[in-house]
Amino acid sequence: MPSLADFVDRDVLTRQVTRETDTAGVDGVCARADRGLRWAVGALVTDPADRLLLVYEDDLWKLPGGGVETGETRQEAVRREVREETGVRIAVDELAAVTEVTVTDGDREATFFFGTYRGTADSTTLASDPGLDDEGIENAAWKASVPSDCLDESLVRRLR
């Protein structure tokens with residue numbers, strides 16, 4: 001498994017965060033790690049009007065993204081995730097940040113890496129029904145500013 005130090009010399013913002021979750025959250029990260037899947041990805045996508053592409057899920061605005069699957073590169077995964085969650089096709093630009101995320105549930109914890117890429121949208125047309133059927137995405141939208149109820153608000157503001 002890589003370490004954050006592997007990205008420092010690559011002009012990539014690195015950070016560590018810990019998030020409280022539930023048993024299912026820790027179990028999910030552990031199950032993915034057992035299959036060798038230790039990465040998730042998201043994209044900071046802006047349009048020509050400098051609006052930011054976000055999805056609304058679990059009472060928070062988030063960058064579109066998700067887990068890297070077996071056989072995918074991180075860039076392939078971010079393209080797929082943005083398209084699935086928003087309907088927008090993107091070109092993947094540079095890796096902007098790598099976050100080492102530790103999820104905890106009491107005494108249990110699990111760790112994975114989250115790569116945040118910059119992306120360029122092919123169009124601004126959004127899906128009328130964002131996300132996959134098993135996801136809780138309620139909305140996808142272009143936002144003129146970073147909402148205060150945005151997951152990783154400080155990171156998104158810093159990268160923007």
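Here is a walk through this chain, from its overall build to its cores. The model is predicted, so local features need pLDDT of at least 70, side-chain atom pairs count only at pLDDT 80 or more, and totals for chains, interfaces and linings use all residues. Residues are numbered from 1 along each chain as its sequence is written, and side-chain values use heavy atoms, with hydrogens and water left out.

Let's start with the parts. You'll find four helices and eight strands, which are DSSP runs numbered from the N terminus (helices: H or I, at least four residues; strands: E, at least two). Along the sequence they come in the order α-β-α-β-β-β-β-α-β-β-β-α. The radius of gyration is 15 Å, close to the 15 Å that the globule rule gives for 160 residues, so the chain is as compact as a globular protein of that length. That radius is taken over C-alpha atoms, and the rule is 2.2 Å times the number of residues to the power 0.38.

Now look inside. Buried residues (under 20% relative accessible area, 1.4 Å probe, protein chains only) make up 46% of the 160 residues. In soluble globular proteins, nonpolar side chains tend to be buried together.

A nonpolar core is a set of buried Ala, Val, Leu, Ile, Met, Phe, Trp, Tyr and Cys residues joined through side-chain atoms within 4.5 Å. The largest one here has 21 residues, and Val-45, Ile-90 and Val-98 touch the most other members. The elements giving two or more residues to this core are β2 (39-46), α3 (74-86), β6 (90-105) and β7 (108-121). There's also a second, separate core of 15 residues, including Trp-61 and Cys-150.

Methods: Buried < 20%, exposed > 50% of the residue type's maximum accessible area, 1.4 Å probe, protein only.
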